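I opened the model and kept notes while looking things up. The entries follow in the order I made them.

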Amino acid sequence: ASSRAKSKNLPADKQNEGWMRYTDDETKMHYFYKASTDEGQWERPLNFETVKGGFTAAQLTDRRSAQQLPVEAEGSWVKYVDPDSGYAYFYNEVTYESTYDRPAGMVTNQDPFASVREGGGQKMVLAA
């Protein structure tokens, strides 16, 4: 099996060097905990990747076919939807970064057909 096939089968904590993401019951904010060192922190650990359905966004990028078209684009960021899992993810064509989180400053049309009907479209910034 390829190394890529092996890595997609790793549990989330192994892909993130033991860090796991949890939600605080009181504040509803995410925090990160590493059981092996009993460390906890609010800040996302360096290189921490969110895992959905057993896949990181980078793994979805790796398995994307060349024929798959983005569903949205803004600057160097493009949004894809994985056809197998249905998960949306973002890919930066300049830095080659993949993430499930909407990049800061990436905007989307409130009405995707406004530009067709009115010759322009309102844009809004969506929070990640």
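Buried here is under 20% relative accessible area, exposed is over 50%, and partly exposed lies in between (1.4 Å probe, protein chains only). Strands (E, at least two residues) and helices (H or I, at least four) are DSSP runs, numbered from the N terminus. I was working on a predicted model, where local features need pLDDT of at least 70, side-chain atom pairs count only at pLDDT 80 or more, and totals for chains, interfaces and linings use all residues. Residues are numbered from 1 along each chain as its sequence is written, and side-chain values use heavy atoms, with hydrogens and water left out.

Two strands pair if DSSP finds at least two bridges between them. I found Trp77 opposite Asn92 in strand 8. The two strands make a hairpin with 6 residues between them. In that turn, Gly86 has a positive phi of about 80°.

On to strand 9. Strand 8 pairs with strand 9 over 2 bridges, also in the antiparallel sense. Phe90 has Thr99 in strand 9 as its bridge partner. This hairpin has 5 residues between its strands, and Tyr96 in the turn has a positive phi of about 65°.

**The core**

Which residues make up the largest nonpolar core? I listed 8: Phe55, Ala57, Leu60, Val78, Tyr80, Tyr89, Tyr91 and Tyr100. Such a core is a set of buried Ala, Val, Leu, Ile, Met, Phe, Trp, Tyr and Cys residues joined through side-chain atoms within 4.5 Å. Helix 3, strand 7 and strand 8 each give two or more residues to this core.

I then checked the contacts of Ala57, counting heavy atoms within 4.5 Å. Leaving out residues up to four places away in sequence, Ala57 touches Glu49, Thr50, Tyr89, Ser98, Thr99 and Tyr100.

**Rings**

A search of the whole structure gave me 4 aromatic pairs. Rings of Phe, Tyr and Trp (its six-membered ring) pair if their centres lie within 6.5 Å; planes under 30 degrees apart are stacked, over 60 edge-to-face, and the rest tilted. Tyr80 and Tyr89 are stacked, at 5.9 Å centre to centre and 25° between the planes. Both Tyr80 and Tyr89 are buried.

How are the rings of Tyr87 and Tyr100 arranged? Their planes stand at 75° with centres 6.2 Å apart, so I logged the pair as edge-to-face. Tyr87 is in the loop between strand 7 (77–81) and strand 8 (88–92), and Tyr100 is in the loop between strand 9 (98–99) and strand 10 (107–109), so the pair ties together parts 13 residues apart in sequence. Tyr87 is partly exposed at 29%, whereas Tyr100 is buried at 8% relative accessibility.

I also noted a cluster of Tyr22, Tyr31 and Trp42, linked by ring pairs.

**Salt bridges**

How many salt bridges does the structure hold? I counted 4, each a side-chain nitrogen of Lys or Arg within 4 Å of a carboxyl oxygen of Asp or Glu.

Arg44 and Asp101 form one, with the closest N and O atoms 3.7 Å apart. Arg44 is in the loop between strand 3 (39–41) and strand 4 (51–52), and Asp101 is in the loop between strand 9 and strand 10, 57 residues apart.

Arg63 and Asp82 meet at 2.5 Å, N to O. Arg63 is in helix 3 (residues 57–63) and Asp82 in the loop between strand 7 and strand 8, so the pair ties together parts 19 residues apart in sequence. Arg63 is partly exposed at 30% relative accessibility, but Asp82 is buried at 4%.

Glu72 and Arg102 meet at 3.1 Å, N to O. Glu72 belongs to strand 6 (residues 72–74), and Arg102 to the loop between strand 9 and strand 10, 30 residues apart. Glu72 is buried at 15%, and Arg102 is buried at 12%. Last entry: Glu72, Lys79 and Arg102 are linked in a network of salt bridges.
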